[in-house]
Amino acid sequence: MSDDGFASVWDAIEDTPADVQTMKMRSALMMALQRHIQAKEWTNAEAALRLGVTESRVENLLRGKINTFSLDDLIALLAAVGLRVEIHIPDAA
(Lines give C-alpha, C1' and ligand atoms only; values in the text may rest on other atoms or scores of the structure.)
Protein backbone atom coordinates (compact mmCIF):
# COMPACT_ATOMS: atom_id res chain seq x y z
CA MET A 1 0.00 0.00 0.00
CA SER A 2 1.39 3.39 -0.93
CA ASP A 3 1.05 6.74 0.77
CA ASP A 4 -0.28 9.16 -1.84
CA GLY A 5 0.14 12.07 0.55
CA PHE A 6 -3.50 13.19 0.72
CA ALA A 7 -4.21 15.84 3.33
CA SER A 8 -7.57 14.25 4.16
CA VAL A 9 -9.83 11.43 3.10
CA TRP A 10 -11.89 13.99 1.18
CA ASP A 11 -8.85 14.95 -0.91
CA ALA A 12 -8.51 11.30 -1.84
CA ILE A 13 -12.11 10.60 -2.82
CA GLU A 14 -13.60 13.85 -4.11
CA ASP A 15 -13.09 15.00 -7.70
CA THR A 16 -12.76 18.76 -7.36
CA PRO A 17 -11.34 21.20 -4.82
CA ALA A 18 -14.85 22.60 -4.34
CA ASP A 19 -16.22 19.15 -3.51
CA VAL A 20 -13.36 18.58 -1.07
CA GLN A 21 -14.11 21.84 0.76
CA THR A 22 -17.85 21.13 0.84
CA MET A 23 -17.34 17.69 2.32
CA LYS A 24 -14.86 18.99 4.89
CA MET A 25 -17.38 21.61 5.99
CA ARG A 26 -20.26 19.13 6.09
CA SER A 27 -18.13 16.71 8.09
CA ALA A 28 -17.12 19.37 10.63
CA LEU A 29 -20.71 20.54 11.12
CA MET A 30 -22.00 17.00 11.41
CA MET A 31 -19.39 16.07 14.02
CA ALA A 32 -20.17 19.23 16.03
CA LEU A 33 -23.83 18.30 16.09
CA GLN A 34 -23.05 14.70 17.05
CA ARG A 35 -20.84 15.92 19.92
CA HIS A 36 -23.58 18.27 21.11
CA ILE A 37 -26.21 15.53 21.16
CA GLN A 38 -23.86 13.18 23.00
CA ALA A 39 -22.84 15.85 25.52
CA LYS A 40 -26.50 16.57 26.29
CA GLU A 41 -27.11 12.81 26.58
CA TRP A 42 -30.25 13.10 24.50
CA THR A 43 -32.04 10.01 23.32
CA ASN A 44 -32.72 9.84 19.60
CA ALA A 45 -36.35 10.75 20.32
CA GLU A 46 -35.36 13.79 22.38
CA ALA A 47 -32.81 14.91 19.79
CA ALA A 48 -35.42 14.56 17.04
CA LEU A 49 -37.87 16.68 19.01
CA ARG A 50 -35.29 19.40 19.70
CA LEU A 51 -34.03 19.38 16.12
CA GLY A 52 -37.49 19.28 14.58
CA VAL A 53 -36.75 16.16 12.54
CA THR A 54 -37.67 12.49 12.59
CA GLU A 55 -35.83 9.91 14.66
CA SER A 56 -34.60 8.27 11.46
CA ARG A 57 -33.01 11.59 10.49
CA VAL A 58 -31.23 11.69 13.87
CA GLU A 59 -30.09 8.10 13.34
CA ASN A 60 -28.63 9.08 9.95
CA LEU A 61 -26.81 11.94 11.63
CA LEU A 62 -25.40 9.83 14.44
CA ARG A 63 -24.34 7.09 12.03
CA GLY A 64 -22.42 9.62 9.96
CA LYS A 65 -24.47 9.31 6.77
CA ILE A 66 -23.00 12.51 5.42
CA ASN A 67 -24.50 12.23 1.96
CA THR A 68 -27.99 12.64 3.40
CA PHE A 69 -27.23 16.14 4.76
CA SER A 70 -26.51 19.34 2.85
CA LEU A 71 -24.63 22.28 4.34
CA ASP A 72 -27.96 24.10 4.64
CA ASP A 73 -29.50 21.14 6.49
CA LEU A 74 -26.65 20.98 8.99
CA ILE A 75 -26.62 24.73 9.64
CA ALA A 76 -30.38 24.64 10.25
CA LEU A 77 -30.01 21.73 12.68
CA LEU A 78 -27.22 23.47 14.57
CA ALA A 79 -29.32 26.64 14.81
CA ALA A 80 -32.29 24.62 16.07
CA VAL A 81 -30.31 23.69 19.18
CA GLY A 82 -28.84 27.15 19.66
CA LEU A 83 -25.42 26.60 18.13
CA ARG A 84 -23.83 29.18 15.84
CA VAL A 85 -21.73 28.53 12.78
CA GLU A 86 -18.81 30.84 12.10
CA ILE A 87 -16.67 30.79 8.98
CA HIS A 88 -13.00 31.69 8.87
CA ILE A 89 -11.47 32.22 5.44
CA PRO A 90 -7.71 32.63 5.61
CA ASP A 91 -5.91 34.79 3.08
CA ALA A 92 -4.35 32.91 0.20
CA ALA A 93 -0.75 32.02 0.91
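1. Basis. This is a predicted model, where local features need pLDDT of at least 70, side-chain atom pairs count only at pLDDT 80 or more, and totals for chains, interfaces and linings use all residues. Residues are numbered from 1 along each chain as its sequence is written, and side-chain values use heavy atoms, with hydrogens and water left out.

2. Fold. The chain has five helices and zero strands. Its pattern along the sequence is α-α-α-α-α. Helices (H or I, at least four residues) and strands (E, at least two) are DSSP runs, numbered from the N terminus.

3. Dimensions and contacts. Along the principal axes, the C-alpha atoms fill a box of roughly 45 × 35 × 20 Å. Of the contacts with a separation of 6 or more, 55% join residues 24 or more positions apart. A contact means heavy atoms within 4.5 Å.

4. Surface. The accessible surface comes to about 6,600 Å², and 52% of that belongs to carbon and sulfur atoms. Areas come from the Shrake-Rupley method with a 1.4 Å probe; for residues, only the protein chains shown count as cover. Of the 93 residues, 27% count as buried.

5. Nonpolar patch. Met25, Ile75, Val85, Ile87 and Ile89 form a nonpolar patch on the surface, with about 480 Å² of accessible area together. Like charges are joined within 9 Å, nonpolar side chains (Val, Leu, Ile, Met, Phe, Trp, Tyr) within 5 Å.

6. Ile75. This patch member is found in helix 5 (residues 71-80). Ile75 counts as partly exposed because its relative accessibility is 38%. Buried means under 20% relative accessible area, exposed over 50%, partly exposed in between (1.4 Å probe, protein chains only).

Conventions: Patches are made of residues with over 30% relative accessible area and no salt bridge: like charges are joined within 9 Å, nonpolar side chains (Val, Leu, Ile, Met, Phe, Trp, Tyr) within 5 Å. A salt bridge is a side-chain nitrogen of Lys or Arg within 4 Å of a carboxyl oxygen of Asp or Glu.
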